[in-house]
Amino acid sequence: MFGTVVVGIGIAGSVRLRDMLNPMPSSPSEHLKLVGFVSRRTLGSINEVKQIGLQDALGNKEIQAAIISTDNKSHEENVRMFLEAGKHVLVEYPMALSASTARELWELAEQKGKILHVEHIELLTEEYKQLKKEVTGKELVKGTLHFTGGALDEERSGFPAFSGIARLTWLIDLFGDLTVTSATREEQKEESYSRMTAHFQTANKKPLTWIEERGPGMRRDKKISFCFKSGCLENLPEAPRSAVGLFMQDQNLFAKKLFGQVSREELAAEKWRILRCLDLAEEIRQHCERPAEIHS
Ligand SMILES: NC(=O)C1=CN([C@@H]2O[C@H](COP(=O)(O)OP(=O)(O)OC[C@H]3O[C@@H](n4cnc5c(N)ncnc54)[C@H](O)[C@@H]3O)[C@@H](O)[C@H]2O)C=CC1
Ligand SMILES: C=CC1=C(C)/C(=C/c2[nH]c(/C=C3N=C(/C=C4\NC(=O)C(C)=C4C=C)C(C)=C\3CCC(=O)O)c(CCC(=O)O)c2C)NC1=O
């Protein structure tokens, strides 16, 4: 059994609590035991699960693993504290708000001999699994991924290339390694509107564009236009929802890692993907923060 604590009880943290209380039968998640949760608010207990103080959680020998579901801004601090206390960690994406921090945390986990698992549920959706099947084996000519969503508080969520890391993860997982060719960002602070555009090249020098656009009332949506030698894909494939929730699938993966049931190769490939995406996010930020070039 791995005693587990959930930290941060918002949308994701509440689903984590629910899933921890109802593990999938005969899955490795059955061997995780919810000991309590940590919140900055005083919530008492939720479904008989008790709230515990952060320091108590860190010092509690019964707790071997922490699920960090706080705002992005607090990921770094929480991941570091729990790793240093000798606990395994599951953190929601993005694992950190800078590439250098992500590397440090990864080194810390290795030093401590603990699992550091980053949730990436965007790879677990049925529509994504179908998309991946449709893209595999095709030769890209050019492509665009355009995300829209409600306004985010950048103070709590970080720069859009980081808060939107799920979109970058799709592109890397679909098309392999990318290089950033340019990136810009338009912001209307009073309107809480932001639009970031990043241009990439694939290893075969094919152009890809990622647009991350957010504003009040904007619908959460992704539009794709991927053109291949064989034709264009203009819509995300439709796929029936899986019977197993996305966070539950992710929890099973974490539990598998705790039990050493994920191969070294898979772990290394995941680590590469996560750190590579954060490196690209960092580069995008640098491009966006660079003063506009003056052409004479
Ligand atoms: N909502 C979703 O469907 C998904 C969310 N995520 C990730 O999950 C994380 C949380 O997102 P949401 O639940 O949607 O946001 P949210 O705003 O609903 O929840 C965040 C919660 O964390 C709490 N919190 C912030 N700092 C804290 C700290 N230092 N200690 C304890 N609690 C703290 C806040 O008070 C809030 O209750 C984010 O990293 C997000 O990227 C990832 C995939 C899907
Ligand atoms: C309804 C309001 C609603 C909110 C506030 C919401 C928040 C929300 N959803 C996220 C991701 C995500 N959210 C979902 C899906 C959902 N998440 C849900 O809360 C629900 C109801 C679904 C629908 C099945 C998925 C699949 C991701 C992963 C990234 C992606 O594929 O977009 C994230 C992480 C950052 C990001 O990628 O934007 C946040 C903050 N999602 C919402 O849908």
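In the predicted model, strand S6 (residues 88-91) is paired with S7 in the parallel sense, the two being joined over three bridges, and within this pairing Val89 has Leu116 of S7 as its bridge partner. Both strands belong to an open sheet of five strands, arranged in the order S2-S1-S5-S6-S7 with parallel pairing. The edges of this sheet are formed by strand S2 (32-38) and strand S7 (116-118), each of which pairs on one side only. Neighbouring strands of the sheet are turned by 20° against each other on average, direction ignored.

Two helices can be described in relation to these strands. Helix H3 (residues 75-84) lies across strand S1 (2-7), strand S5 (65-68), S6 and S7, and runs at about 165° to S6. Helix H9 (residues 246-258) has among its residues a buried set consisting of Phe247, Met248, Asp250, Gln251, Leu253, Phe254, Ala255 and Leu258, and the cover over these buried residues includes S1, helix H1 (11-21), S2, S5, S6 and S7. The length of H9 is consistent with its residue count, because 13 residues at 1.5 Å a residue should span 18 Å, in agreement with the 19 Å that separates the end C-alpha atoms. H9 is followed by Gly260, for which phi is positive, near 65°.

A second open sheet contains six strands in the order S9-S10-S11-S8-S12-S13, and its pairing is mixed. Its edge strands, each pairing on one side only, are strand S9 (178-188) and strand S13 (231-233), and its neighbouring strands are turned by 10° against each other on average, direction ignored. Within this sheet, strand S8 (residues 140-149) and strand S12 (residues 221-228) run antiparallel and are joined by eight bridges, with Phe147 standing opposite Lys222 in S12. Helix H8 (residues 165-175) packs on the sheet, where it touches S8, S9, strand S10 (193-202) and strand S11 (207-214), and its direction makes about 160° with that of S11. Helix H10 (residues 264-289), in turn, lies across S9 and S10 and runs at about 50° to S9.

The surroundings of two ligands were also examined. Around ligand 1 there are 18 residues, of which Gly8, Gly10, Ala12, Ser74 and Glu92 come nearest; H1 gives the most to this shell, with three residues. By class, the shell around ligand 1 has seven nonpolar, eight polar and three charged residues.

Technical notes:
Residues are numbered from 1 along each chain as its sequence is written. Chains are lettered from A and ligands numbered from 1 in the order in which they are written. This is a predicted model: local features need pLDDT of at least 70, side-chain atom pairs count only at pLDDT 80 or more; totals for chains, interfaces and linings use all residues. Two strands pair if DSSP finds at least two bridges between them. Helices (H or I, at least four residues) and strands (E, at least two) are DSSP runs, numbered from the N terminus. Axes are lines fitted to C-alpha atoms, for helices over the stretch in contact, and angles run from 0 to 180 degrees between N-to-C directions. Two residues are in contact if their C-beta atoms, placed from the backbone, lie within 7 Å. The expected span of a helix is 1.5 Å times one less than its number of residues. A residue is buried if 20 or more other C-beta atoms lie within 10 Å of its own, exposed if 12 or fewer, and partly exposed in between; C-beta atoms are placed from the backbone. A residue is near a molecule or strand if its C-beta atom, placed from the backbone, lies within 6 Å of it. Ala, Val, Leu, Ile, Met, Phe, Trp, Tyr, Cys and Pro count as nonpolar, Asp, Glu, Lys and Arg as charged, and the others, Gly among them, as polar.
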